[in-house]
Amino acid sequence: MASGGPSKILPLELIDRAIGSKIWILMRGKTEIVGILQGFDDYVNLVLEDAVEYTVDPRSEPGVVTRTELKSEILLNGNQIAVLVPGGSPDDSMAATAAEAATTEESTIKAENNEEEKTKSTA
């Protein structure tokens with residue numbers, strides 16, 4: 001029986017379409033991982049490459065995100081995955097927050113260096 005509604009896609013089909021592209025993963029707890037999806041199995045165990053892990057350390061200041069580059073291919077246990085988002089991370093993710101903070105810090109350092117150079121050249 002055919003219907004005129006939107007076509008349905010199975011969860012594993014969605015993951016299969018994301019192979020070779022960036023994927024944003026929310027893990028159980030307060031961890032996010034962004035990387036390139038290389039493969040998966042029926043249990044949604046994932047193999048990622050060029051992955052970066054973002055975590056919030058409860059012992060640090062609120063809002064401080066730790067960024068850790070995972071240098072090799074990694075295997076994520078599907079039991080620890082809460083949400084998969086093909087296409088990277090949205091604007092309000094920890095990954096975006098960490099990237100924004102790094103850009104702001106880099107801009108501040110450049111501005112400080114420029115001020116030091118101006119002071120030295122006028123002295």
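Student: Which residues have the most contacts inside the largest nonpolar core?

Tutor: In soluble globular proteins, nonpolar side chains tend to be buried together. A nonpolar core is a set of buried Ala, Val, Leu, Ile, Met, Phe, Trp, Tyr and Cys residues joined through side-chain atoms within 4.5 Å. Buried means under 20% relative accessible area, exposed over 50%, and partly exposed in between (1.4 Å probe, protein chains only). The largest core here has 13 residues, and I25, I33, L37, L46, L48 and L76 have the most contacts inside it. At least two residues of this core come from each of strand 1 (22-27), strand 2 (31-40), strand 3 (46-56) and strand 5 (74-76). A second, separate core has eight residues, including W24, Y54, M94 and A98.

Student: What should I know about the model and the numbering?

Tutor: The model is predicted: local features need pLDDT of at least 70 and side-chain atom pairs count only at pLDDT 80 or more, while totals for chains, interfaces and linings use all residues. Residues are numbered from 1 along each chain as its sequence is written, and side-chain values use heavy atoms, with hydrogens and water left out.

Student: In what order do the elements of the protein chain run?

Tutor: Helices (H or I, at least four residues) and strands (E, at least two) are DSSP runs, numbered from the N terminus. The protein chain has two helices and six strands, in the order α-β-β-β-β-β-β-α from the N terminus. Of its 123 residues, 24% are buried.

Student: Which residues is L76 in contact with, beyond its neighbours within four places in sequence?

Tutor: Contact means heavy atoms within 4.5 Å. With those neighbours left aside, L76 is in contact with I25, M27, I33, V44, N45, L46, L48 and I81. Over the protein chain, 50% of the contacts with a separation of 6 or more are between residues 24 or more positions apart.

Student: Why does I23 count as buried?

Tutor: I23, in strand 1, counts as buried because its relative accessibility is 1%. I23 and L84 are 61 residues apart in sequence, yet their C-alpha atoms are 7.0 Å apart. Leaving aside neighbours within four places in sequence, the contacts of I23 include A18, V34, L84 and P86.

Student: How should I read a charged residue such as E32?

Tutor: Side chains of opposite charge can pair when their charged atoms come close. Lys and Arg count as positive and Asp and Glu as negative; His and the chain ends are not counted. A salt bridge is a side-chain nitrogen of Lys or Arg within 4 Å of a carboxyl oxygen of Asp or Glu. E32 lies in strand 2; it is buried without a salt bridge, and K30, the nearest side chain of opposite charge, is 10 Å away. The E32 side chain does make a polar contact with the W24 side chain at 3.0 Å. A polar contact is a pair of N or O atoms within 3.5 Å; within protein, one must be able to donate a hydrogen and the other to accept it, and residues adjacent in sequence count only if both atoms are side-chain atoms.

Student: How many salt bridges does a search of the whole structure find?

Tutor: The search finds one. It joins the side chains of E69 and R67 (2.9 Å, N to O). E69 counts as partly exposed because its relative accessibility is 45%, and R67 does so at 47%.
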